[in-house]
Amino acid sequence: NFANLFVLRHNADASSEEARVRLDTIGEYHLGEMVNTMKLGSLVMPSNAGGSSSAKSDTKSKSDKSSFEGNAIEVAVGSQTLFGTVDGTIGSIMGLRGSTFAFLGCLQRAIFAVVRPVGDLSHERHRHYEADGRVRPSRGFIDGDLVECFLDLNRPTMERIVKWMNDDGRWRIRDDGSGVSGQSQQNLMDTEEDDSSDSPAQNNLSVEDVLTAVEEISMLH
């Protein structure tokens, strides 16, 4: 579809029959290549060791509220899908729990804000969803290649990005998967109760916290 990816969701809990039979668009992303095959799977062998990466992204549980305990960011993934394109690219799409999506979304926005793109060409604009003459900001997706470039940055740039994330603060919340654009928080849900001001989630991130989380997710595909 015009070198785009999109995600649809069946709203089985809707109040009306018309809404229940309709598929809602919850994710839109410009890949830049035409996908011609998809298959459930991963390029890495599953680990037998227990860890956060084995958590299901489609299961809402109390673990969502402990994802930031001690600022050890939980990288919780669910479904994993491989895709191939007509240009020969092999890629991976991973479902993310709301807390993980919010953290990586905040990191992605921080990189947009801090790192100057090559040739001043906006990477964020490149990922806008374009179809039928309409252009919309990407939503419901995290650009894994962009997030993993954090590992290649120098220390001062890493520190500026982490400071931006702490000032923004939205890494602490859980996103429902509909995506975040600009300063809008319409689709966000708090991970903590309003009176939990002394929660560990209120601590600021460090460069080591972000490095550990990005390194973990880079090993999942």
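Helix α2 (residues 98–114) packs against helix α5 (residues 155–168) at an angle of about 125 degrees, the axes lying 9 Å apart. Axes are lines fitted to C-alpha atoms, for helices over the stretch in contact, and angles run from 0 to 180 degrees between N-to-C directions. The two helices α2 and α5 are therefore oblique to each other, since angles under 35 degrees count as roughly parallel, over 145 as roughly antiparallel, 65 to 115 as roughly perpendicular and the rest as oblique. Helices (H or I, at least four residues) and strands (E, at least two) are DSSP runs, numbered from the N terminus.

This is a predicted model, in which local features need pLDDT of at least 70, side-chain atom pairs count only at pLDDT 80 or more, and totals for chains, interfaces and linings use all residues. Residues are numbered from 1 along each chain as its sequence is written, and side-chain values use heavy atoms, with hydrogens and water left out.

Helix α5 also holds Lys163 and Asp167, which, being four residues apart, are separated by about one helical turn. Their side chains meet in a salt bridge (2.9 Å, N to O), the term denoting a side-chain nitrogen of Lys or Arg within 4 Å of a carboxyl oxygen of Asp or Glu. Both Lys163 and Asp167 are exposed; exposed means over 50% relative accessible area, buried under 20%, and partly exposed in between (1.4 Å probe, protein chains only). Arg170, by contrast, is buried at 4%, and Arg170 forms a salt bridge with Asp168, with 3.0 Å between the closest N and O atoms.

In strand β2 (residues 23–30) lies Ile26, which counts as buried at 16% relative accessibility.
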